[in-house]
Amino acid sequence: MAGLETHYAARDIEARILAAIRAAGLNPDRRLSPEELGALDHFHTGGLRASRELLELAQIRAEDRVLDIGAGLAGPARLLASALGCRVDCLEMSSDFCAGAVLLNRLTGLDDRIEVHEGSALDLPFPDDSFDVVWMQNVGMNIADKRKLYAEIHRVLKPGGRFAFQEMAAGKAATSYFPLPWATDPADNFLVSADEMRSILGESGFIAGLLEDTSDAHLSGAATNATPAAQGALGLAVYVDNLAQKAGNARRSLEEGQVRLVRGVFRVK
């Protein structure tokens with residue numbers, strides 16, 4: 001975990017976020033909208049667009065209670081809370097990201113609908129049958145024990161609950177370009193193929209719904225918040241070091257088939 005903690009560290013993240021918001025011409029003393037922050041707080045492949053697409057696929061309702069695992073700065077949680085009015089719990093291992101998420105929840109006036117928890121996806125601090133939906137974007141690549149991960153997700157989902165996810169999967173060749181947005185070096189890169197992902201989910205008690213490879217669609221689409229934003233614009237570089245190199249390596253890995261981008265919605269019985 002030490003490598004991951006370093007990889008996802010962002011010292012003085014609150015001050016950096018506030019400075020970037022002001023530099024972008026926004027006033028943090030007035031209520032900001034999740035859309036205004038979208039380029040900053042959706043730290044996963046495809047950014048805000050990918051979150052919106054997953055929201056539609058997951059068919060989340062206003063009355064659903066949602067858990068976002070590996071929530072980062074909680075951009076997707078704010079999207080769900082503002083668009084649907086549902087309550088979201090965020091679990092994030094990085095204390096820096098937790099602090100940034102709490103700040104942005106307050107600045108958007110959504111802190112009454114979103115609660116941020118620091119912790120591990122392999123030991124979820126929630127009772128059984130707590131959630132209608134578990135949401136996860138670009139997180140499993142850092143977790144070696146997929147069976148434990150999926151068992152914990154299954155445990156906290158209510159009967160009939162949904163697991164909506166986006167993930168990088170293993171391609172036909174080994175991942176060779178580092179650093180990546182999710183791993184500084186190979187020691188923190190734990191990819192499995194889409195077929196293996198489907199198999200482990202099935203063994204963990206999930207019923208397959210959607211599982212699709214969106215790599216080609218992503219590569220042919222317009223770039224979204226993957227490279228450093230223009231001067232004075234919000235972007236991931238506010239808190240992600242070496243973003244251009246990491247994003248370039250990720251795209252090259254996708255283009256050469258070393259990794260694949262997949263998303264899915266599975267259910268529990």
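Biologist: How many of the five residues of β1 are buried?

Modeller: Four of the five residues of β1 are buried, so the strand is mostly covered; buried means under 20% relative accessible area, exposed means over 50%, and partly exposed lies in between, with a 1.4 Å probe and protein chains only. Please keep in mind that this is a predicted model, in which local features need pLDDT of at least 70 and side-chain atom pairs count only at pLDDT 80 or more, while totals for chains, interfaces and linings use all residues. Residues are numbered from 1 along each chain as its sequence is written, and side-chain values use heavy atoms, with hydrogens and water left out.

Biologist: In which sense do β1 and β2 pair, and which residue stands opposite I69?

Modeller: Helices (H or I, at least four residues) and strands (E, at least two) are DSSP runs, numbered from the N terminus, and two strands pair if DSSP finds at least two bridges between them. Here β1 and β2 pair in the parallel sense over five bridges, and I69 stands opposite L91 in β2.

Biologist: What is the order of the strands in the sheet?

Modeller: The open sheet has seven strands in the order β3-β2-β1-β4-β5-β7-β6, and their pairing is mixed. At its edges are β3 and β6, each of which pairs on one side only. From one strand to the next, the twist averages 15 degrees. Inside the sheet, β4 and β5 pair in the parallel sense over six bridges, and F131 has L157 in β5 as its bridge partner.

Biologist: Which strands does α5 touch as it packs on the sheet?

Modeller: Helix α5 touches β1, β2, β3 and β4, and its direction makes about 175 degrees with that of β2. Helix α10 also packs on the sheet, touching β5 and β7, and its direction makes about 85 degrees with that of β7. For such angles, axes are lines fitted to C-alpha atoms, for helices over the stretch in contact, and the values run from 0 to 180 degrees between N-to-C directions.

Biologist: Which residues of helix α7 are buried?

Modeller: In α7, which covers residues 146-156, the buried residues are K146, L149, Y150, E152, I153 and V156. Seen down the axis of α7, these residues fall within an arc of 155 degrees, so they line one face of the helix; the arc is that of the directions from the helix axis to the C-beta atoms. They pack against β1, β4, β5, α8 and β6, where contact means heavy atoms within 4.5 Å.

Biologist: How many residues has α6, and what span is expected for it?

Modeller: The expected span of a helix is 1.5 Å times one less than its number of residues. Helix α6 has 13 residues and reaches 19 Å from its first C-alpha to its last, close to the expected 18 Å. Its buried residues include F97, C98, L103, L104 and N105, and the buried residues of α6 pack against α2, α3, α5, β2 and β3. Just after α6, G109 takes a positive phi of about 70 degrees.

Biologist: Is N105 buried or exposed, and what is N105 in contact with?

Modeller: N105 is buried, with a relative accessible area of 2%. Leaving aside neighbours within four places in sequence, N105 is in contact with A74, R78, L110, D111, I114 and V116. One of these partners, A74, has a phi near 70 degrees, a positive value in a residue other than glycine; A74 sits in the loop between β1 and α5 and is buried, with a relative accessible area of 0%. Q59 also has a positive phi, near 50 degrees, but Q59 is exposed, with a relative accessible area of 56%, and its place is in the loop between α4 and β1.

Biologist: How many residues are in the largest nonpolar core?

Modeller: A nonpolar core is a set of buried Ala, Val, Leu, Ile, Met, Phe, Trp, Tyr and Cys residues joined through side-chain atoms within 4.5 Å. The largest one here has 34 residues, and those with the most contacts inside it are I17, I21, L40, L104, M168, W182 and Y239. At least two residues of this core come from each of α2, α6, α10 and β7. A second, separate core has 28 residues, among them I69, A121, F131 and F163.

Biologist: Where is the cis peptide bond?

Modeller: The cis peptide bond joins F178 and P179, with omega about 5 degrees, and P179 lies in the loop between β5 and α8.
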